[in-house]
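Me: I am new to this structure and would like to learn how to read its features. Could we take them in turn?

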Amino acid sequence: MDTTGTIFMPPESSTIAGEVDAAFYFIYWASIVLFAIVVGFAALFVLKYRRKKRELTSGVAHNTKLEVAWTLIPTILIVIVFVMGFKGFIKMNVIPKDALEIKVTGQKWFWTFDYPEGVNTVNELVVPVDKAVALTMSSQDVIHSFFVPNFRIKMDVLPNRYSMTWFEATRPGVYDLFCTEFCGKGHSEMIGKVRVVNDREYEEWLEEAAFGGEGMSLEDYGAKLYVSKACVTCHSIDGRIGTGPTFAKVYGHSVRLADGREVMADENYIRKSILEPASEVVAGFQSVMPTYQGILKDREIDALVAFIKSLKDKEGP
Ligand code: CUA
């Protein structure tokens, strides 16, 4: 297995990657060799058969051996490419029966992953190594596309229907997850990670993910959720303006809304902004935040409120 990557491809890290790369490199090298042969002969003939005197060009009309060769060789190449592609396509589309099933939801502009054990994560998919993982994917809004270059898998994620893909990671590590369908202003920030761990680490992680912040202050738990639930993608905590308003100096201050109203940012305002973001949009921002209804538990909302509250006097950059 190629574990270092090449100029075209990152390292192979799934069971399908070798086959995808084999097909790619077969086509790549066949193209280079054929290009060299065709251009080489064309150049040679330009020199060899250029008109030197006032003579007629050759009267040769056809050559059976040559014609058979240039029909047969490309046909064989195409059959090889077809067989490689078809085998890979079947393998990519038949999900193994014992696969770990994870629900993937794409929305502007983050990914959520729901595990059979009842935990969910945002922008981080954690999976055990050497285990088939089946992804059932759908979108809450527009078309997104789930792409993990190291695994060589890419599949559109659509609203109103499910699409499926699967992979089996062969090496522990952290791999990039990209959205590869232009889905609006935050498309380029719709980036996640796939963390491949061994079985023991996976069990430990599941336990940790089910952790509800017990023994932690709400404020500290909120700081943790601010990153793990991807608030950080759009909301700064140092006064910088992002896709959404900063969390610094919000609590306890009055906020002007897009519809002209002015409201006091208290606990209920923050809670409502998390669960019904479209109801009170801050002036100067677009109503692009998705609802976190169903993603956050009550205690998690409490923690985020406490965290935002703790930033009420935070100075800007
Ligand atoms: Cu989601 Cu691009």
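Reply: We can start with rings: Phe8, Phe24, Tyr25, Tyr28 and Trp29 form one aromatic cluster. Rings of Phe, Tyr and Trp (its six-membered ring) pair if their centres lie within 6.5 Å; planes under 30 degrees apart count as stacked, over 60 as edge-to-face and the rest as tilted. Before going on, note that this is a predicted model, in which local features need pLDDT of at least 70 and side-chain atom pairs count only at pLDDT 80 or more, while totals for chains, interfaces and linings use all residues. Residues are numbered from 1 along each chain as its sequence is written, and side-chain values use heavy atoms, with hydrogens and water left out.

Me: How many aromatic pairs are there by this rule, and how are the rings of Tyr115 and Trp205 placed?

Reply: A pair of aromatic rings is described by the distance of the centres and the angle of the planes. The rule gives 18 aromatic pairs. For Tyr115 and Trp205 the ring centres are 5.1 Å apart and the planes stand at 55 degrees, so this pair is tilted. The pair links distant parts of the chain, 90 residues apart: Tyr115 is in the loop between strand S2 (110–114) and strand S3 (120–122), and Trp205 is in helix H3 (residues 199–209). Helices (H or I, at least four residues) and strands (E, at least two) are DSSP runs, numbered from the N terminus.

Me: Is Tyr115 buried or exposed?

Reply: Buried means under 20% relative accessible area, exposed over 50%, and partly exposed in between (1.4 Å probe, protein chains only). Tyr115 has a relative accessible area of 4% and is therefore buried; Trp205, at 11%, is buried as well.

Me: What about the rings of Phe151 and Phe167?

Reply: Their centres are 4.6 Å apart and their planes lie at 25 degrees, so Phe151 and Phe167 are stacked. Phe151 sits in the loop between strand S6 (144–148) and strand S7 (153–157), while Phe167 is in strand S8, 16 residues apart. Both Phe151 and Phe167 are buried.

Me: Which residues touch the most other members of the largest nonpolar core?

Reply: In soluble globular proteins, nonpolar side chains tend to be buried together. A nonpolar core is a set of buried Ala, Val, Leu, Ile, Met, Phe, Trp, Tyr and Cys residues joined through side-chain atoms within 4.5 Å. Here the largest has 34 residues, and Tyr115, Leu125 and Phe146 touch the most other members. A second, separate core has 30 residues, including Tyr251 and Leu304.

Me: Where is Ser163, and what does its side chain meet?

Reply: Ser163 is in strand S8 (residues 163–168). With 9% relative accessibility, Ser163 counts as buried. A polar atom of its side chain lies 2.6 Å from the backbone oxygen of Asp156. Contact means heavy atoms within 4.5 Å. Leaving aside neighbours within four places in sequence, the contacts of Ser163 include Leu135, Met137 and Val157.

Me: How many bridges join S9 to strand S10?

Reply: Two strands pair if DSSP finds at least two bridges between them. S9 and strand S10 (residues 191–197) are joined by 6 bridges and run antiparallel; Val174 has Arg195 in S10 as its bridge partner. S6 and strand S9 (residues 173–179) also run antiparallel, joined by 2 bridges, and Phe147 has Phe178 in S9 as its bridge partner.

Technical notes
Polar contact = N/O pair within 3.5 Å; in protein donor to acceptor, adjacent residues only side chain to side chain.
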